Amino acid sequence: MSVPPPPAVAAEAEATPEEARARPSQGPGPPDPPGPGYVLGLDLGSSVIRCHVYDRAARIHGSSSQKVKVIYPQNGWVEIDPEVLWSQFIAVIKEAVQAAGIQMHQIVGLGISTQRATFITWNKKTGNHFHNFISWQDLRATELMKSWNNSILLKLIRNSCKMLHLFTRSRRLLGISLFTFTTQQVGLRLAWVLQNLIEVRKAAAEENCCFGTIDTWLLHKLTKGSAYATDFSNASTTGIFDPYQMCWSGILTSLLSIPISVLPPVKDTSHNFGSVDKEILGASIPIVALVADQQAAMFGECCFQRGDVKFTMGTGTFLDINTGTNVQQTIGGFYPLIGWKIGPEVVCLAEGNAADTGTAIKWAQNLNLFVDADETEKMAKSLPDSEGVCFVPSFSGLQVPLNDPCACASFMGLKSSTTKYHLVRAILESIAFRNKQLYEMMQKEIAIPVTTVRADGGVCKNSFIMQMTSDLINEKIDRPAQIDMSCLGAASLAGLAVGFWTNKEELKRLRESERIFEPQRKWKEYEASMENWVKAVKRSMNWYSKM
């Protein structure tokens, strides 16, 4: 899973010519509704690529997965080789269809969910990439971020918009007044690429450079260059998109010297993007949904109503709330996203995240604290508490509400009596404590009553974390029978586009719950432990003066 940036700076009241050119175009309508068949849902996440074959009852008939191969060329740099990723992507599709015991021509629609804010640039004429994918976890733009956030120009823009907001009450001006750059934004890393890679800068100047997040690049590859686009959910996570004007932001692209010409057209989330070239998979499969992974999970969970909330606990934890048709601006770090756009329907979300959830558990496994992640629940429950041991999950810094990219991961409170069981319990507790922080910040800053809380992602299988989170936030949490919600969300959007499923009400009827977690302990019983953990977090902050 991936992280989007804080709210993009809103565009000018009157769109510039460049922005008008960057507005989404209307594409062809959806293909004719199919007869009997299957829909493919594919999720290319931060850790794993998964593909599921779904029937009309939303049951999985065949699956395949491969681990995403990540490269760390320098300290703080995180990349993915596009050639390796492409071969893995094609392999999981073929393996899933084979596992389902069907033929490729029986697939009536493909929906693709992807990790967000991971991008690449390539030569428009040749299709050759200029560099590897630069991951959303990459920290190469840290110094650029600090420079911009401390710049007189950005402070002047923020203060001016703050004053104007007092008179106009414009939410767009409020968005600008609260804007802060982060390393997770595509904008700063793309600006870094343009500043440091001469070949990219030259191609951009000659309008021979294409930029794309993973969805855009996959679409381009699958159609052998005949399609070039992104969707609103993915565009809204880049930090250079204006969710108010629903187009690329002229202000931000100008500030960062990013030519609008390198950015793709923006289309509906459920849309006829084109078809897979027959030579690639042996059949011409319609590509009818592109969606960012967290928005896909929200759709898969059927969080269609204002106030619906979901926790996705995978590589990181992502807390999203459906805010209806309104873009929500907050001070503490919850940022507005476009959840999806289907025809005239636009659904907005607000999201906060913690970057290290599954990564913390995987790290502990690599240290041989346990053999299988399923063991951790039993290990944690075998102890009454962690005996004062605290773990700070900060391999990629701390996000909302702390927002410190220089915080370090750490264990504190170790004693001679500490065992690996205490360490494991401390890790699981830290995930629940971060969930509590995210939920509290959401309640504080977004004045929308919560209707339902749902969970998905691999870590939600851990009932210790789920129960502790339910206790801490004092809410019921619904865990679904299928936890790969990004796959299901992508497939659902694709199925709606081709008439495989009729409407969202049908999808809601097909969703199945596996277990409802209800609060069993009061917050007071956790208060002392969490206060101790918060103290450990504070001591881990600003550990790295330079990344």
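Predicted model: local features only at pLDDT ≥ 70, side-chain atom pairs only at ≥ 80, totals over all residues.
Just after helix H19, asparagine 542 takes a positive phi of about 55 degrees. Most residues other than glycine have a negative phi. Asparagine 542 has its positive phi although it is not a glycine. Is this residue buried or exposed? Asparagine 542 is exposed, with a relative accessible area of 59%.

Now step back into the helix itself. H19 runs over residues 524-540 and has 17 residues. At 1.5 Å a residue it should span 24 Å. Its end C-alpha atoms are 25 Å apart, which agrees. Tyr526, Met530, Trp533, Ala536, Val537 and Ser540 of H19 are buried. An α-helix has 3.6 residues a turn, so residues three or four places apart point the same way. What covers the buried residues of H19? The cover includes two strands, E20 (390-392) and E21 (410-412). It also includes helix H15 (420-445) and helix H16 (463-473).

Proline 401 sits in the loop between them. A cis peptide bond joins valine 400 to proline 401, with omega about 0 degrees. In general, most peptide bonds are trans.

An unreviewed UniProt entry annotates residues 310-497 as "domain: Carbohydrate kinase FGGY C-terminal". Over residues 310-497 the chain is 35% helix and 22% strand. The end C-alpha atoms of this stretch are 24 Å apart.

Helix H17 covers residues 485-497. It has 13 residues and reaches 18 Å from its first C-alpha to its last. That is close to the 18 Å expected at 1.5 Å a residue. How many of its residues are buried? Twelve of the 13 are, and H17 is mostly covered. Among the buried residues are Met485, Cys487, Leu488, Leu493 and Ala497. Gly489 and Gly495 are buried too, as are Ser486 and Ser492. Glycine 499 follows H17 with a positive phi, near 80 degrees.

Turn next to helix H6, residues 186-196. H6 is mostly covered, with nine of its eleven residues buried. The buried set is Val186, Gly187, Leu188, Arg189, Leu190, Ala191, Trp192, Val193 and Leu194. These residues pack against strands E7, E8 (133-134) and E9 (209-213). They also pack against helix H3 (142-149) and helix H7.

How do H6 and H7 meet? The axes of H6 and H7 (residues 198-205) come within 5 Å and cross at roughly 100 degrees. Angles of 65 to 115 degrees count as roughly perpendicular. H6 and H7 are therefore roughly perpendicular to each other. Val193, Leu194, Gln195 and Asn196 make the contact from H6. Ile198, Val200, Arg201 and Ala204 make it from H7. These contact residues divide into five nonpolar, two polar and one charged.

Alanine 117 lies in the loop between strand E6 (107-114) and strand E7 (119-123). Alanine 117 has a positive phi of about 65 degrees although it is not a glycine. Is alanine 117 buried or exposed? Alanine 117 is buried, with a relative accessible area of 0%. Asparagine 542, by contrast, is exposed, in the segment after H19.

How values were computed:
Residues numbered from 1 in each chain as written. Heavy atoms only, no water. UniProt positions renumbered as here; feature names shortened; annotations may be inferred. Helix = DSSP H or I, 4+ residues; strand = E, 2+ residues; numbered from the N terminus. Expected span 1.5 Å × (residues − 1). Buried < 20%, exposed > 50% of the residue type's maximum accessible area, 1.4 Å probe, protein only. Contact = heavy atoms within 4.5 Å. Axes fitted to C-alpha atoms, helices over the stretch in contact; angles between N-to-C directions. Parallel < 35°, antiparallel > 145°, perpendicular 65-115°, else oblique. Nonpolar A, V, L, I, M, F, W, Y, C, P; charged D, E, K, R; others polar.
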